[in-house]
Amino acid sequence: MTGFNGAPLLANAMMGRAEEDIIQGSLHFVREHLSMEVGYLSEFVGDTLVYRHVSASGLEALIAPGMSVPLSDVYCRHILAGRLPEMMPDTSHEPLTQQIPITRSLPIRAHVSIPILRRDGTAYGMFCCLSRRPQPSLNDRDLEVMRAFARLSGDTINETLARRAEVDGIRNRIRAVMENNDFHILYQPIMDSRSRRPKGFEALCRFSGKPHRTPDLWFREAGDVGLQVDLEICAIVEAIRATEHLPIGTYVSVNASPLTIESGRLADVLRAHPAERIVIEITEHSAIDCYDTLLKQLNILRFMGVRVAIDDAGAGYSGLQQILRLRPDVIKLDISLTKRIDVDVVRRSLASAMVEFAGKTGALIVAEGVETQSEFDTLLDLGVDLMQGYLLGRPDDLGAALTWFQDTPWQRGAV
């Protein structure tokens with residue numbers, strides 16, 4: 001739904017069902033209490049009044065959420081300035097109302113309206129009830145009831161405005177990171193277990209924007225405000241530039257959430273690059289809302305030559321379901337499985353089963369988080385194809401990644 005000039009109804013969009021119920025319930029109660037036909041809560045948008053919440057059974061054609069009127073045609077400015085009272089049992093007794101178009105267009109004979117103020121004291125809009133008939137019985141007690149429910153609705157609106165401001169701040173921060181490239185890509189080598197040379201590199205995004213924090217928090221916050229796909233795409237575009245510089249035969253592995261894959265935007269992003277040298281890692285921890293949509297997009301990427309990896313396999317039960325349904329080309333064993341695998345028979349048994357499964361399905365196994373020589377030796381004995389971890393190489397910039405192809409493994413501290 002759109003409001004004045006097609007602007008999204010952000011207040012309503014940011015408002016939860018409980019808050020919506022509070023305002024609608026308040027409008028309905030006071031409208032019934034005052035025996036009036038229409039109740040509404042409005043917002044001032046420039047020189048326009050936009051109806052945000054309406055209680056007017058049977059009169060929806062005349063007044064509904066999203067409709068708007070010029071402020072010059074209604075009473076609001078005059079009430080705020082004190083030229084009209086908040087409560088008018090009969091508008092015909094107020095000469096000024098006869099000069100205002102809405103008096104005749106609705107028409108309005110009884111009117112009660114209380115300003116809704118923002119926390120900084122400026123006017124947000126009005127909490128209003130009106131009738132096409134005079135209401136001579138309206139009294140000060142009715143006005144106090146109206147004020148009480150207006151305050152309740154105002155508090156609810158201000159909570160929504162505070163959340164909107166917070167969301168806008170986060171969106172601006174995320175957009176600034178993307179526009180200013182306040183991030184950089186590090187590349188961690190994925191080593192061939194036998195030749196002990198890099199077969200690929202996992203691209204890891206690191207943010208330089210403020211506040212300083214880990215990448216998962218940046219992406220989580222972007223997801224909270226609907227910018228996760230944009231931020232992931234931005235990072236992926238930067239990461240896959242490495243394929244222009246790394247030797248042919250090596251690949252770049254990038255992380256993508258199911259949401260980003262389901263968006264269908266990756267095909268366009270990857271089309272200008274050698275797709276056969278790109279691996280898309282789907283983390284086990286990411287929820288998959290629609291497997292049909294995900295599989296459709298993965299089929300498109302695979303047709304282009306892109307390979308698919310399941311990240312963090314073994315970290316939780318959901319990984320098995322993902323492996324069975326997505327049939328990955330690469331299975332990455334999580335650090336929780338590889339850590340201390342040399343002294344833990346349960347970990348070895350599970351890793352061995354994964355290796356056997358991969359062999360029968362034609363998938364490659366990558367062991368993540370390899371930090372000790374003993375872990376490396378154990379994984380090698382189990383038949384793990386590829387490994388990465390601090391023992392083999394830490395994440396570094398592209399220049400450091402290129403030196404792997406200039407130095408011998410032992411010169412770089414590899415196994």
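The lining of the largest pocket comprises 15 nonpolar, 10 polar and 11 charged residues (Ala, Val, Leu, Ile, Met, Phe, Trp, Tyr, Cys and Pro count as nonpolar, Asp, Glu, Lys and Arg as charged, and the others, Gly among them, as polar). The model is predicted, with local features requiring pLDDT of at least 70 and side-chain atom pairs pLDDT 80 or more, while totals for chains, interfaces and linings use all residues. Residues are numbered from 1 along each chain as its sequence is written, and side-chain values use heavy atoms, without hydrogens and water.

Of the 36 lining residues, Glu 202, Leu 204, Asn 255, Asp 311 and Asp 312 lie nearest the centre of the pocket. A pocket is an open set of points on a 1 Å grid over the protein atoms alone, where a 1.4 Å probe fits, with protein on both sides within 12 Å along at least five of seven lines; lining residues have an atom within 4 Å of a point. Elements giving two or more residues to this lining include strand 7 (183-192), strand 8 (198-207), helix 7 (228-239) and strand 9 (251-255). Helices (H or I, at least four residues) and strands (E, at least two) are DSSP runs, numbered from the N terminus.

Eight strands close into a barrel of mixed pairing, in the order 7-8-9-10-11-12-13-14; strands pair if DSSP finds at least two bridges between them. Strand 8 and strand 9 are joined in the parallel sense by three bridges, and Phe 201 stands opposite Val 252 in strand 9.

In total, the chain has 15 helices and 14 strands. Its C-alpha atoms fill a box of roughly 95 × 40 × 35 Å along the principal axes.
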